[in-house]
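Dear colleague,

Please find below the model that I am handing over to you, followed by a summary of what was found in it. I would be grateful if you read the two side by side.

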Amino acid sequence: MSGLDPAISVKYLVGGYTVFFAVLVFYLASLFARWRNLKRNLQSLEEIKKNQ
Amino acid sequence: MKPQPGSLKVLNLVSALLFLGALGMVFLYAPLEETMNYVQKIFYFHIANAWVGMLGFLVAAVAGIIYLVKRDQKWDIVELAAVEISLVFFLIAIALGSIWARPVWNTWWTWDPRLTTAAILEMIYLAYLLLRQGIEDPDRRARFGAVYTLVGSLSVPITFFSIRLFRTIHPVVIGAADNSATGNFNMTPPMLATMFFCLIAFSVIFATLLWHRIRLGQLAQTVEERQLEVVR
């Protein structure tokens, strides 16, 4: 295989790491959002239980 | 729900430092490969993500076995957490491999034994998540999950060894390389050091995320219990 053109090679490198960070950030954000929603639900349920 | 324990906070910090270290090793320490040059630097994160993905699927199988023995819901939470995180990492590994393959193999995807088994592995565990959602009874859901992950884990060694068992264009980085592989390269000591650093860093990051995801699962279980108490 002859050497890759560095300009093309760097384009794919940037693309690869962009995909990596995008997926990771999306997953971390989903973890955070689910945690926040569950906390909110738990608080509401605790209040309902107190009032019962 | 209890606040984050001190050891988890330390693990968060260690993970962040290791991640920065891995990026530093990849971009500042590892030398440029002569033929592929810049795009070869995808390799380090590609292999680390694939490793962590497979590790998590095996962790899920072990958690499944423990659940079947002990019938304790906490192992179902561990199993689900491991599968979910591994799915994310393995998806990244597949995507990075595809992006790396485009300039090297001149195609985004080919039905090569390694790529095919990796895609099947990802779909097996994606199906696990979808099928779980259809079962309401927690004990039945956990029993199903345990058996499914145990059987599903058989596809992990098949995927791992596919490049050693079949004729493939996917490079074998560690061990004897097949001459038919495209994209092989000689690993220099700095490249090897970077690869192993990334493997260690991602293993720690996996452990940290697993802990967080287990806590999320415990919180979800508490909410489910409270809902039942309120309804009664």
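**Chain A**

Of the 52 residues of chain A, 10% count as buried. Please bear in mind throughout that this is a predicted model. Chain A contains one helix and zero strands. Its C-alpha atoms occupy a box of roughly 75 × 15 × 5 Å along the principal axes. The radius of gyration of chain A is 23 Å, whereas a compact globule of 52 residues would have one near 10 Å.

**Chain B: overall arrangement**

Chain B has seven helices and zero strands, and its pattern along the sequence is α-α-α-α-α-α-α. The C-alpha trace of chain B spans about 70 × 40 × 25 Å along its principal axes. Of the 232 residues in chain B, 41% are buried. Taking the contacts in chain B between residues at least 6 apart in sequence, 77% join residues at least 24 apart.

Helix H1 of chain B covers residues 6-29, which is 24 residues. From its first C-alpha to its last, H1(B) reaches 33 Å, close to the 34 Å expected at 1.5 Å a residue. Buried residues in H1(B) include Ala22(B), Met25(B) and Val26(B). Among the elements that cover the buried residues of H1(B) are helix H2 (42-70) and helix H7 (189-231) of chain B.

Helix H3 of chain B comprises 33 residues, 73-105. At 1.5 Å a residue H3(B) should span 48 Å, and its end C-alpha atoms are 46 Å apart, so the two values agree. H3(B) is mostly covered, with 26 of its 33 residues buried. Asn106(B) follows H3(B) and has a positive phi, near 70 degrees.

**The nonpolar core**

Which residues have the most contacts inside the largest nonpolar core? They are Ala82(B) and Cys198(B), in a core of 65 residues. The elements that give two or more residues to this core are helix H1 (6-51) of chain A together with H1, H2, H3, helix H4 (113-133), helix H5 (138-152) and H7 of chain B. H3(B) supplies the largest share of this core, 21 residues.

**Where the chains meet**

The contact between the chains involves 24 residues of chain A and 30 residues of chain B. On the side of chain A that touches chain B, 17 residues are nonpolar, five are polar and two are charged.

**Met187 of chain B**

Met187(B) is found in the loop between helix H6 (155-165) and H7 of chain B. Is Met187(B) buried or partly exposed? Met187(B) counts as partly exposed because 15 other C-beta atoms lie within 10 Å, and a residue is buried only if 20 or more do so. Not counting residues up to four places away in sequence, Met187(B) touches Val173(B) and Leu192(B). Met187(B) and His46(B) are 141 residues apart along the chain, and their C-alpha atoms are separated by 15 Å.

Yours sincerely

Notes. Residues numbered from 1 in each chain as written. Chains lettered and ligands numbered in written order. Predicted model: local features only at pLDDT ≥ 70, side-chain atom pairs only at ≥ 80, totals over all residues. Helix = DSSP H or I, 4+ residues; strand = E, 2+ residues; numbered from the N terminus. Expected span 1.5 Å × (residues − 1). Buried ≥ 20, exposed ≤ 12 C-beta atoms within 10 Å, placed from the backbone. Contact = placed C-beta atoms within 7 Å. Nonpolar A, V, L, I, M, F, W, Y, C, P; charged D, E, K, R; others polar. Core = buried A, V, L, I, M, F, W, Y, C linked by C-beta atoms within 7 Å. Rg over C-alpha atoms; globule rule 2.2 N^0.38 Å.
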